[in-house]
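Here is a short briefing on a protein and its ligand. Take a look at the structure, then read the points below.

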Amino acid sequence: MTVDLNALAQNYAELARRAGRAECAGVVKGSGYGLGIEPVASALWQSGCRTFFVARPSEGQDLRQVLPRADIYVLDGLYPGQSAFYQRHSLRPVLTSIEDAREWARRTDKSAETSGCALHVDTGINRLGFALEEFRALLSDTGLVSNLSIRLVLSHLACADEPTHPMNERQLAAFWQVRQRLPDVPASLANSSGIFLDPRFHFDLVRPGIALFGGSPVAAGPNPMQPVASLKARILQVRSVRKGETVGYGATWTAKCDGLIAVAGAGYRDGIPRSLSSSPDRAPAKLSLNGYSCPVIGRVSMDMLAIDVSDVPSELARRGQEVEIFGTEVPIDSIASAAGTISYEVLTRIGDRAVRRYLAPASR
Ligand SMILES: *Cc1c(COP(=O)(O)O)cnc(C)c1O
């Protein structure tokens, strides 16, 4: 897997431009969506990103090693009994409940650098966060609130990738109520897709994840982002098949005529969804061999998959050549949709067996 840190920097710049006056943070949970926390976080910092979000406290600890001065928020909230851990690494919990808040208020150290937090208010996705009534109850407990050091209030959109979905306006209206009750605290609502809705969703800080890493933030139309990750597999063997022969486990694919297949070294152990296997009911996924489009045939197995290379020039359809599974020629969103999933899942499941190579940003 090649990770183009220059493309990442360009994506950050583009999202920051679209965010206008709002600060552009970086969501780097899951080791930077599977691309590797150290290179990803360093490249974002060099691009001017100063605020980061991770899911787990341990991810925050790893990120802190890379970025000693960044503001780091932990989206999971406060793990019970772990205030001291957050403080040791200057991690800000994104508090999700009154219980969380009470525990954070009891932390021992109240010094400014190690002591901030965010509030997550649920405006309709019903995942993490204070319910609106619970948020009101929290604010009426002024003693508690004054002990929290609230630096950010945020909420998360359920349907931002569908611009006309009525949930967006409903959540926006609910979030306005929230921010009016904490007028001095910076507010944040938009993930990647939210940035592309309209500026009313930007508030003071935007939180893109997938768009930084090249996944499309818009469901319809061309992807405005540059591809960042590209995954390639080596061809292990090329073989001819005769009309009527089958390929792979379950003998699910039958040659309609004599042809040539290539077996490439990437399988579900590497995170290639098994649902990318060919099926008689739908068009096959297409991988790229030096720009030649090659359908996946038969079942994806643990360590390999097969493609049809009958129409590829023979100097390319050879052992040792590399097939692009996604990247600059095969959009990650098209592979994800062929596998019945989304770019997020494809990207974050690429296994550790895939060696990560980093293309450094152009020096400035
Ligand atoms: C993961 C996450 C994001 C980033 O979402 P993308 O769709 O990848 O941009 C933003 N906010 C919260 C609360 C998240 O959990």
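A polar contact is a pair of N or O atoms within 3.5 Å; within protein, one must be able to donate a hydrogen and the other to accept it, and residues adjacent in sequence count only if both atoms are side-chain atoms. This is a predicted model: local features need pLDDT of at least 70, side-chain atom pairs count only at pLDDT 80 or more, and totals for chains, interfaces and linings use all residues. Residues are numbered from 1 along each chain as its sequence is written, and side-chain values use heavy atoms, with hydrogens and water left out.

- A backbone N or O atom of Ile-210 lies 2.8 Å from a ligand oxygen atom.
- Tyr-344 places a polar side-chain atom 2.6 Å from an oxygen atom of the ligand.
- In the side chain of Arg-207, an N or O atom is 3.0 Å from a ligand nitrogen atom.

**Around the ligand**
- The shell has 13 residues (a heavy atom within 4 Å of the ligand).
- Lys-29, Tyr-33, Ser-192, Ile-210 and Tyr-344 come nearest.

**Aromatic pairs**
- The whole structure holds six aromatic pairs (ring centres of Phe, Tyr or the six-membered ring of Trp within 6.5 Å; planes under 30 degrees apart are stacked, over 60 edge-to-face, the rest tilted).
- The rings of Tyr-33 and Tyr-344 are tilted, because their centres are 6.3 Å apart and their planes stand at 40 degrees.
- Tyr-33 is in helix H2 (residues 29–33) and Tyr-344 in helix H12 (residues 343–348), so this pair ties together parts 311 residues apart in sequence.
- Helices here are DSSP runs (H or I, at least four residues), numbered from the N terminus.

How values were computed. Helix = DSSP H or I, 4+ residues; strand = E, 2+ residues; numbered from the N terminus.
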